[in-house]
Structure formats: structure tokens, C-alpha cells
Amino acid sequence: MAKRLMCVILSIMLVVAMMPTGVVADEEVTYTDWTSTSKLPSSSGAYKLTKNVTVTSYTQLTSGTDVTLDLNGYTITVNISGAAAYFVYSGAILTIEDSSGGDGVIDVVSGGGIYVMGGTLNLTGGTITIKSTATNPLYLIYMYQDSSVVNISGGNLTTERADVTFIGTYGNGTYNITGGTFTNNSGDDTAQFFYNATENGYAVSITGGTFVGFDSENTSGNFTYYIEDGYEYNETTGAVAVASTLDATWVEYTNVRNGYDLAVGFYIPKSKLDSTYTVKVTFNVATYSSGWVKTSTTVEIDSSEWTEDTVGSTEYWVIIYDGIWAMQYAEDITIDIYDSNGTKVCESYTDSIADYEARYVEKYSSYTSAVNLANALLSYCSAAKTYYGY
């Protein structure tokens, strides 16, 4: 990212909406009231808390065990230094739910939430939290061993500690995040969401959920890396959902020609852009006649003008528009895409070179030489505007 300077490239993802379907249970589950205030169930069955529970030693679920635990609005206080409330071993299944609608809590005052040691964890409701007062806090959820599976479709994971990673990993397992809310209340938006997921090759799939209090482009434990194609992260709401708008990110491209022109380019994944589509770029064309006159002009770029490139394992169509004068660096550029019937297939994306570079300088302030070059481009464009009296 540090090398993505002077550039104005849009990576545009077009998507086909997909509606997730629900699952309806074939049989009504019968729950057993759980009355202990110091232990958690470890034998197969469906249980419903009837009292608050405080545990000082962990509970093991071994192969063949299938436990469903309804928090039922009560609190499990975990006070186990160096361990967690549950260890779910290979062949075991633990499902955490909350029929109260959100009042049920697993409150970790010491240790961690749930460790998946080769088994399966299903989180559909309730809250797992580590507060600022916790001592020796570990992960909210930790996955160990290749056969581990974690399915999160609801519930909440929250922490007030910047030194707590939401999800830790070791080995090669599978995370499926289709819902739930993940809230970082530490005040430090660079806190890690994942630990070791990229390094250890975890199969992580995010197609839902809401992520609050994170820097979505923080390279340390960044959850957006795992968002599936066809889904997008909304910076305003924090929600991940089926993409329905133009999702644009500036990517590397540099071209200054004839001393004053800039090129604007954008990358579109080939799998998302039909060759029958037309890309339209709308921009102010400047002409001089006793003063500068701006005329809004739309340029159509069809597939005959596209080139190809591959970044990582993704193939892209590369579309270039090089009719922008440096002195117009602060003016909006709008991108639209239309199908062969002339129907607009997504919302417009509008940005400017100046806005992008300002965001870049703020975001990558630690890369001194890169920021200097970005600032040099802004200075060049500003000088061009002054020189031509624009």
C-alpha cells in the first residue's frame, strides 16, 4: 500500500444480489433447566440457564458430545487464568444461544471465552465480553487444530481492552461469519480482530456481521481481508452485507504526460464485468476563451479500449482515462457502468485526486518518503492551477 502514490485507480466490484435463506427446525428442542451456579454442562443435551454461573475451572467437551446452551438472559462469569469457559475438542459440538434476545452474557474477568480444540462452535446469540477491568485476558474465541470449525451467525463479541484479540487461531481451521456484532470499545481502532489467520492459512469466510470500532484497513488482523466476493463493508454502519452499490478503492496507477495531464484509471475484476458493459467517465473539460470555461463531459469507454492485468490471483480489466489536467485535481470524477441495454448496473462513484491524496497522506503518515511524494503531486497540481489562473 505504501507504493500506491500519485495514483487514481478505482477497483470496482459489481455484484449479483444473493438472498440468504433461513433454516427451520424440523423438531422442537426440549431444554433441561441448568441450576448449578459453579459448573457448566458437559454431557450431550440442550440446557437453559436458570441462574447466574461463576466458573473457576474450564469445562471439556469430548468427541461425540453435542451441547446446546441457552444463556436465557443470565450471566456466566469466567474467572480462569490461562484458560477459558469451554474447551471444545475434536468431534464435539457446542452451540451458544440466548432466548432472552440479548441479555445473556459470558463475562470474562480472567482468561478467555471459548477455545475450540478441533471441535465445532456455533454462536447464534448472547454476548461474550472482556471488560477493561479483566486480569490476564486472553481471546474471546480461540481456535486450535485443523479440524476446528467456528460458525458465528448471531450474538455479540465485545472488548474494552486493546490488547485483546477477538479471534485467535493456530493451525488450519474454518471460520464462517454470517452475522453477529463485533464491538471494539477500547478506544484504539487498530486492535486486532484476527490473530494469525493469514499466516496460518485459515479458511475464513465473512458474509455478514457488524464490525464497530475497528480501522477497516489496519493491516494487523484486518477482517476485511476475508470478506467474500459479492459482499461489502459499509464504513458508516459497520455492516457487511450483499454488495448493492459501487465499491471503489484507489489502487496503483501513475501517469503524468505532456507536463500537465493526469491519467485516471480503475481496475474491475473480470469476473464482475461483462465485456458488453460500457464504462462512462464524467468530468469537467476545461477550455479557455477570455477565461476558463468548464463543460461537464461524459466519455464512454467500451471493452475495445480495456486492457488486462493480474494482481495476486485476481484478473482485472484495466480502464484508463487520461484527459485530466493537473490544475483540475480538486474536481470530481464520476464513474458509471451500464449494461448492453443501457441500464445502470450500480450506483455512481465520485471522487477527486485531491481527496484521495489527502486521505492517503493521513492514512500512511508513517511512510515518510511515500507521503513526501504524494504531497509533491498535490503541490504540483496546485502550482499548475496557479500558473494557468484556473
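In which strand is asparagine 136 found? I looked this up first, keeping in mind that the model is predicted.

I found asparagine 136 in strand 11, which covers residues 127-137. I checked its backbone and noted a phi near 50°, a positive value in a residue that is not glycine. The cut-off for exposed is over 50%.

I moved to threonine 135, which is also found in strand 11. I read a relative accessible area of 44% for threonine 135, so I wrote it down as partly exposed. Which residues does threonine 135 contact, if its neighbours within four places in sequence are left aside? I listed Val109, Ser110 and Gly111.

**Entry: asparagine 72**

I looked for asparagine 72 and found it in a loop between strand 6 (66-70) and strand 7 (75-89). Its phi is positive, about 55°, and asparagine 72 is not a glycine. Is asparagine 72 exposed or partly exposed? I noted that it is partly exposed, because its relative accessible area is 24%.

I traced an open sheet of 8 strands, in the order 2-3-6-8-10-13-16-19, with parallel pairing. Which strands are at the edges? I marked strand 2 (32-34) and strand 19 (203-206), each of which pairs on one side only. On average, neighbouring strands of this sheet are turned by 15° against each other, direction ignored. I reminded myself that strands of a sheet pair through backbone hydrogen bonds, either parallel or antiparallel.

I then picked one pair within the order. Strand 13 (residues 149-152) and strand 16 (residues 174-177) run parallel and are joined by 4 bridges. For isoleucine 152, I found the bridge partner isoleucine 177 in strand 16.

**Entry: helix 1**

I listed the buried residues of helix 1 (residues 353-363): Ile353, Ala354, Tyr356, Glu357, Tyr360 and Val361. Why are these residues on the same side of helix 1? They cover an arc of only 160° around the axis, which puts them on that one side.

Definitions and conventions: Residues numbered from 1 in each chain as written. Predicted model: local features only at pLDDT ≥ 70, side-chain atom pairs only at ≥ 80, totals over all residues. Heavy atoms only, no water. Buried < 20%, exposed > 50% of the residue type's maximum accessible area, 1.4 Å probe, protein only. Helix = DSSP H or I, 4+ residues; strand = E, 2+ residues; numbered from the N terminus. Arc of directions from axis to C-beta. Contact = heavy atoms within 4.5 Å. Pairing = 2+ DSSP bridges. Axes fitted to C-alpha atoms, helices over the stretch in contact; angles between N-to-C directions.
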